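Here's a quick briefing to read alongside the structure. Have a look at the chains first, then work through the notes below.

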Amino acid sequence: MKGIIRASAAIVIISAVLFYAVHLLESSSATSGSGSISVYNWGEYIDPELISQFEEETGIQVIYETFDSNESMMTKVEQGGTSYDVAMPSEYAIEKMKENDLLLPIDHSKIPNLKNIDPYFLDLPFDPGNEYSIPYFWGTVGIAYNPTLLEGQTFESWDDLWNPTLEQEVILVDSAREVIGMGLNSLGYSLNSTDLGELREATDKLKTLGPNVKAIIGDEIVEMMRREEAAVAVTWSGQAADMMWINEDIDYAVPEEGSNLWFDNMIIPSTAGNVDGAHQFINFMLDAEVAAQNADYVGYSSPNAAALELMDPEVTGDERFYPTEKMRDRLEVYENLGLEMLGVYNELFLEFKMDMEK
Amino acid sequence: MTNRSSRPWYLAPYYIWILLFVIAPIALVVYFSFLDLAGNFTLENYANFFSSTYFRMTLSSFWYAFLITFISVLIAYPTAYWLTKTKHKQLWLLLIIIPSWINLLLKAYAFIGIFGLYGPANQLIQFFGAGPLQILFTDFSFVFVAVYIFIPFMVLPIFNSLDKINSALIDASRDLGASQWTTFRRVIFPLAINGVKSGVQAVFIPALSLFVITRLIAGNKVITLGTAIEQQFLVTQNWGMGSTIAVFLILFMIIIMLLTGPKEKGGALNGKAK
C-alpha cells in the first residue's frame, strides 16, 4: 500500500515540476519577443530552406507548425493556446476571422516588398485595401488526368467526368465546397449558391456521377495519380502541379463552365506575440527571389509579379497554372456563406457520399 | 471490505479521475448536443438525427460493424482454440498480438500499397490469369482491413477463457460418452462464451466508429457514425450535431454492453472451484 501512495505522490510531484518547467519555458519565449516567431501554415506549403535563410538573415528563430484545414486553423487560433504570429488561411477564412476579431491590421510601411505583388491580387473583396492580409499563393480547382490511361480523352467540361467510359476512375477531393461547387458549376450555377433548389439539383446530379467515382480522399490523391492507380482527379491546381512534377503524362484542365479561384494569404492572428517579427517574415516572403524559390518548390501559382520574372517562362507562361486574366473571369472566389450554409453544403455532401454505398 | 461506510481515502484519486475524465466529458457531450449553431437550446439536432441520412448511416454503420465482428469471431475462435492446443502458447499468442502494436495509420497506408492496381495482391491475381481488379476503395477491402486490425482483440479474450477451462471437465464429458462435437457444444462453448462476449465488445464498439480507414481504404464510400462526427466537428463546426451523434453512439454502446455483459448467476466460473 505504502508503495502505491509513494508512487502516486511521486507522479503528482513530477507533474507539478513539469508544469512549472513548461510555464517557465513558455513565458521565457514570450518575453524574448524579437527572438522568435511561430508560423502556422498548410503542410508542404513552404520551401524549408527559406525558413533557415530567414533565421540567418534576421536572427529570429522560426517555430513552424502546419494545419490541414482552414477550420482547424481557426479553431486553434480562437482557443489561443499557442500564440501564432503568422498564418496562411484562404480568403473565406479571412472574412470569417475578421468578423470574429481574430486578426491584427498589417502595417504596410513595414512591408516595402508589397510593391512586388501583381495589383490584380490586391484590394480583393474579402479584404479591401489589404488591411489584414497579404497574398501568398493562388490557384484553381480543376481536373487532373492522365491521357495515357484514358486513350487520349481530354476534359473541357465538368460534364466530361460523367462519361460512361470512366467507370470507377474518378477521384474526388474530400471537401464539401469543392465537390458541391463542381456540381453547381456543371449546371451553370454559381458555386456560392445559397439557393436550396439549386443545391438540391446539384446534389442530385452529383449522385448520378456515383458509378464513376473511385474514391473521395485527401492528400493521398497525389500519390494515387503519380503511381497511375487513378486516371482522373478533381483537385487543386497545386496538387496537380505536384503530380506532374513526378509523372509527366498527367495534364490539368480548368473546365469551361467555370470553377473556383482561391487565394491563400499571410495574416497576423490577434494572439500574436511578436508582431514586429511577423511583419519581417511577411516582407521576407514577398522578396522577389525568395518568392520565386518558394513558388518553384511549392508548385502553386505566385501572385508576386517580380518573382514571376525570375522564374522559368515555361512555368509562368503555362496557362493551366497561370490562366490569363480573361480566363480568370469565368472563375469564382468562395464567399463566406456562414456556418448555417456551410452546414447545408456538408449535409448534402454527406448525402452524396452515402448514396455511393449502393 | 466489510465496513462500506468508511471508504479508504486513497480511493479519492480514482473518484477525481472518474469525475474529470469520464463523467465530465460525457456530461459536456450531452450538454452540447442540445445547442444549435448560435449556442441556443434546441432539440433540432435530435430531430435531425432521425432524418433519413443519419438513419441510413446508423444502419450501415451497424451492418459493417456486424460484418466485421462476425468475421472476426469466425476467424478468431478456431485460432484461439488451436492456440490452446499448441506447445508454445505464449509465443504464438505474442505473434498474433504484435501487429496490434503498429500504428493504425501505418497499417492503413501499407494496405493502400498492397491492394493497389500494381500491388502484390493484384500481382497474385494476375499470376492466376485474371486481369487487375479494383480492390482498394471497395467494401471488401474495408471489411478485410478492419478484420485484420481487430483480430488480436478478438483472439485474446477467447483464448483466455478457453485456456482457463479445466481439462478434467472435457475428460469427464468424453468418459461419459459425449462425442467431440457434443463436448464442444455442451461443455467448451458455454464455458468460453464470456470470452466471446468480451471479444465482441472489444471489436463491435470500435468498429461502429471507425473513421480513418473509411477514408484511406474505403475512399469514403463507406460512411460510419465516426466519419460524421469528425466532419461535424472539424469542417461544419456544428458541435451540437456532432455531440448528438456522439450521444447516440454512447447509447448504442451501452445497449451492446448490456446485451453482451456477463450474466453472473453465482457458482463456479469456467469449471474451476473458487
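This is a predicted model: local features need pLDDT of at least 70, side-chain atom pairs count only at pLDDT 80 or more; totals for chains, interfaces and linings use all residues.

Chain A comes to 14 helices and 10 strands, and 26 residues of chain B are in contact with 27 residues of chain A.

**Chain A overall**

- The C-alpha trace of chain A spans about 70 × 65 × 40 Å along its principal axes.
- Take the contacts in chain A between residues at least 6 apart in sequence: 76% of them join residues at least 24 apart.

**The annotated binding site**

- An unreviewed UniProt entry puts the "binding site" annotation on A:Glu44 and A:Tyr92.
- A:Glu44 sits in the loop between β1 (36-42) and α2 (48-58) of chain A.
- With 15 other C-beta atoms within 10 Å, A:Glu44 is partly exposed.
- A:Tyr92 belongs to helix α4 (residues 91-99) of chain A.
- A:Tyr92 has 20 other C-beta atoms within 10 Å, so it counts as buried, the cut-off being 20 or more.
- Setting aside neighbours within four places in sequence, A:Tyr92 is in contact with A:Tyr334, A:Glu335 and A:Asn336.

**The largest nonpolar core**

- This core has 149 residues, and those touching the most other members are A:Val86, A:Ile171, A:Val232, B:Ala146, B:Ile158 and B:Ala207.
- Helix α7 (residues 139-164) of chain B gives the most to this core, with 12 residues.
- Not counting residues up to four places away in sequence, A:Val232 touches A:Ile143, A:Tyr145, A:Leu161, A:Leu166, A:Glu169, A:Val170 and A:Ile171.

**Where chain B meets chain A**

- On the chain B side, 26 residues are in contact with 27 residues of chain A.
- The elements giving two or more residues to that side are α3 (52-85), α10 (212-216) and α11 (225-234) of chain B.
- Its largest share, 4 residues, comes from α3(B).
- By class, the side of chain B that touches chain A has 13 nonpolar, 10 polar and 3 charged residues.

**The annotated domain in chain B**

- UniProt, again in an unreviewed entry, lists residues 58-260 of chain B as "domain: ABC transmembrane type-1".
- That span is 78% helix and 0% strand, and its end C-alpha atoms lie 20 Å apart.

Terms used: Residues are numbered from 1 along each chain as its sequence is written. Chains are lettered from A and ligands numbered from 1 in the order in which they are written. UniProt positions are given in the numbering used here, feature names are shortened, and annotations may be inferred rather than shown by experiment. A residue is buried if 20 or more other C-beta atoms lie within 10 Å of its own, exposed if 12 or fewer, and partly exposed in between; C-beta atoms are placed from the backbone. Two residues are in contact if their C-beta atoms, placed from the backbone, lie within 7 Å. A nonpolar core is a set of buried Ala, Val, Leu, Ile, Met, Phe, Trp, Tyr and Cys residues joined through C-beta atoms within 7 Å. Ala, Val, Leu, Ile, Met, Phe, Trp, Tyr, Cys and Pro count as nonpolar, Asp, Glu, Lys and Arg as charged, and the others, Gly among them, as polar.
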